[in-house]
Amino acid sequence: MNQQNEDTNILLEKLVAEKTIELTKAQESLRIALDAAEAASRAKSEFLARMSHEMLTPLNAIMGFSELAKTSGDYDQIISWNNKIYDSSKHLLEILRNVLDVSEGNSALSIVESQFSIVLLIKNALNKIDYDLKKKNQTISLSISQSIPKTLFGDEKRVTQVITHLLSNAVKFSPDHGKINLNISIHDEENEAITLKIEVIDNGIGVSKEQQEILFDLFEQVDGGSTRRYEGIGIGLSLSKCIVKMMDGDIWVESEPGKGSKFSFTCKVKKNVIITD
């Protein structure tokens, strides 16, 4: 009887120990989930505050320079203020477009395929950043692989959007008279499709390993002080990541502080499309 009681006690102790371990693990999992939820909530709150600040800055500039221009008789000064109004309006438009893409979710990020030329696509992307490029006296070196078909089939708008954002960042975070490289090649090839690889290389401020871990996270912003200096609310790269994922691709960065950055992404498009009139 004593042996039976002893065996029963050992079994109970073992069960209690197992349940204690399970409870401890459950509590730890709950703590981690709560910490993650609190971090996400803080990130969203900081994002909203940042967005409000970033929108007010160009709005105040637009209103201020418009008011000055109304009362000035100096033509050259009015032209200068008008250029500042244009810059601020362009910045505000970029913020609103990114916020709308986030708020509309998957419907805003749908893929619409059509025939396009990679050469014309790149030309369009370069035109979008030409003003900022000239303002900082920067140059872009372009390399397009000759093995890429002249006509492709995919979402020209979305590919352009990602390239433009990466180029815009390269211009923004690189010094005056800096040089940017844009390389387009074939990463992989199948019977009816190819995976393009696009690289944007700059000689800008660079990104640390720690910052790279959150660079593509929604609502996160790398180094708030530096980013505020260069303007931005930290959602363009996360949107780019969503876009390339929808095109069976990926996006990543190789960088060191003070040594520039190389942003690369891949995306799958179809080839051998016959153009008909």
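Reply: Start with Lys123, which lies in helix H3, residues 118-135. Helices here are DSSP runs of H or I with at least four residues, numbered from the N terminus. This is a predicted model, where local features need pLDDT of at least 70, side-chain atom pairs count only at pLDDT 80 or more, and totals for chains, interfaces and linings use all residues. Residues are numbered from 1 along each chain as its sequence is written, and side-chain values use heavy atoms, leaving out hydrogens and water.

Lys123 is exposed, with a relative accessible area of 51%. Exposed means over 50%, buried means under 20%, and partly exposed is in between, using a 1.4 Å probe and protein chains only.

Now move 37 residues along the chain to Thr160. The C-alpha atoms of Lys123 and Thr160 are separated by 9.6 Å. Thr160 sits in helix H4. Thr160 is buried, at 3% relative accessible area. Leaving aside residues up to four places away in sequence, Thr160 touches Leu121, Asn124, Ala125 and Lys128. Contact means heavy atoms within 4.5 Å.

Next, look at H4 as a whole. H4 covers residues 156-173, 18 residues in total. From first C-alpha to last, H4 reaches 26 Å, close to the 26 Å expected at 1.5 Å a residue. That expected span is 1.5 Å times one less than the number of residues. H4 is mostly covered, with 15 of its 18 residues buried.

Finish at the start of H4. There, a side-chain oxygen of Asp155 comes to within 3.2 Å of the backbone nitrogen of Lys157.

Terms used: Helix = DSSP H or I, 4+ residues; strand = E, 2+ residues; numbered from the N terminus. Polar contact = N/O pair within 3.5 Å; in protein donor to acceptor, adjacent residues only side chain to side chain.
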